[in-house]
Amino acid sequence: MPPGQGGGPRRDRNARRPRCRLGGYRDGERSLAYPLAGSTGPGDLVIADRGFWSVEFAHVFTAVGADFLVRLQSNHLGTAQEELPDGSYLSMARPGKDVRLRAAREGRTLPRHVIYHVITFAKGDKVAYLGTTLLDPEQYPADKLVALYRERWEIELAFDEIKNRLGPGGPIRSRPPEGVRQEQWACLAVHRAIRKFAHTATLARPTVDADRVSYLKCARIIRRSIPSQLGATATKLTRSFAEARREARARLLPARRGRDCPRAIKKPNRWPILRPRARRGTVQPGRWAHNQSSKPKSNRRAGRPVLKGTQARASP
């Protein structure tokens with residue numbers, strides 16, 4: 001959720017509200033995303049992938065003044081109302097009966113219908129759809145919204161930064177649920193601080209895209225400078241912060257390319273797996289059986305090595 005263009009009071013209000021949610025394995029993404037509407041406001045654009053679009057979900061965010069840009073499934077295109085000059089069109093959708101009844105039981109009010117902008121674009125050899133509450137095609141052209149949505153996948157890089165560049169790189173060390181939450185919130189807070197430092201470094205003249213500042217380099221700069229700042233004065237901290245920003249901009253990354261391939265399994269499963277759609281009790285070989293490695297595997301026997309040219313005998 002990119003920060004909006006609001007003034008100081010609105011930033012102070014949002015600073016006290018969480019911009020992320022933690023839940024258990026029984027909590028779905030949509031149920032965790034609903035409370036995040038309170039951290040948005042006028043000037044914010046919420047970008048979401050497929051599975052998040054619904055009249056209820058869009059109403060929760062637009063009620064606080066935010067706008068919505070989401071990938072649509074082919075059965076969520078609604079009823080066309082008006083065709084626009086750029087080939088897109090305005091559509092209308094109504095909440096379902098079950099949604100209205102649940103909202104009435106919970107004391108919430110839903111609109112009778114929602115008008116949204118449907119944009120069609122090519123995704124490889126397939127046709128994809130975008131839905132947004134930005135209805136003015138002149139102020140918000142369709143091609144710019146498509147280009148903006150194509151950057152949504154960069155959230156995957158943020159997950160990689162948290163898990164592999166900042167976190168322990170393995171299982172969480174804490175065992176109690178309270179300790180797990182504390183460790184996760186600590187990682188999120190530190191990641192936010194490092195990204196804030198990288199964003200501040202890009203604002204110096206000439207400004208550059210924040211994607212070109214290395215996250216790993218910023219983390220190393222901060223980690224290296226913390227011990228030397230103990231007991232430092234405000235003047236020294238200001239000077240050190242300016243030097244750190246110049247160091248972060250010293251060697252920029254090349255311009256980031258667009259994502260041109262879907263997710264793929266890097267390490268296929270080498271063990272047989274039970275496929276639930278097959279006949280009961282039938283075990284089909286895993287992916288490794290069709291793509292075996294050429295690396296030789298040692299022939300090990302329990303407790304006794306096997307000599308070449310001889311036959312191992314079982315002990316009586």
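This is a predicted model: local features need pLDDT of at least 70, side-chain atom pairs count only at pLDDT 80 or more; totals for chains, interfaces and linings use all residues.
First, the overall picture. The protein chain has nine helices and six strands. Of its 316 residues, 26% are buried. If you look at contacts with a separation of 6 or more, 51% of them link residues 24 or more positions apart. The chain exposes about 23,100 Å², and carbon and sulfur atoms supply 53% of that area.

Now the helix pair. Helix 7 (residues 177-202) packs against helix 8 (residues 215-225) at an angle of about 105 degrees, and their axes lie 10 Å apart. The two are therefore roughly perpendicular to each other. On the helix 7 side, the contact takes in H191, I194, R195, F197 and A198, while helix 8 brings Y215, C218, A219 and I222. Sorted by type, the residues of this contact come out as seven nonpolar, one polar and one charged.

Over to the strands. Strand 5 has two antiparallel pairings to look at, one with strand 4 and one with strand 6.

What sits between the strands in the hairpin of strand 5 and strand 6? There are two residues there, and G124 in this hairpin takes a positive phi near 70 degrees.

Technical notes: Residues are numbered from 1 along each chain as its sequence is written. Side-chain values use heavy atoms; hydrogens and water are left out. Helices (H or I, at least four residues) and strands (E, at least two) are DSSP runs, numbered from the N terminus. Buried means under 20% relative accessible area, exposed over 50%, partly exposed in between (1.4 Å probe, protein chains only). Contact means heavy atoms within 4.5 Å. Accessible areas come from the Shrake-Rupley method with a 1.4 Å probe; for residues, only the protein chains shown count as cover. Axes are lines fitted to C-alpha atoms, for helices over the stretch in contact, and angles run from 0 to 180 degrees between N-to-C directions. Angles under 35 degrees count as roughly parallel, over 145 as roughly antiparallel, 65 to 115 as roughly perpendicular and the rest as oblique. Ala, Val, Leu, Ile, Met, Phe, Trp, Tyr, Cys and Pro count as nonpolar, Asp, Glu, Lys and Arg as charged, and the others, Gly among them, as polar. Two strands pair if DSSP finds at least two bridges between them.
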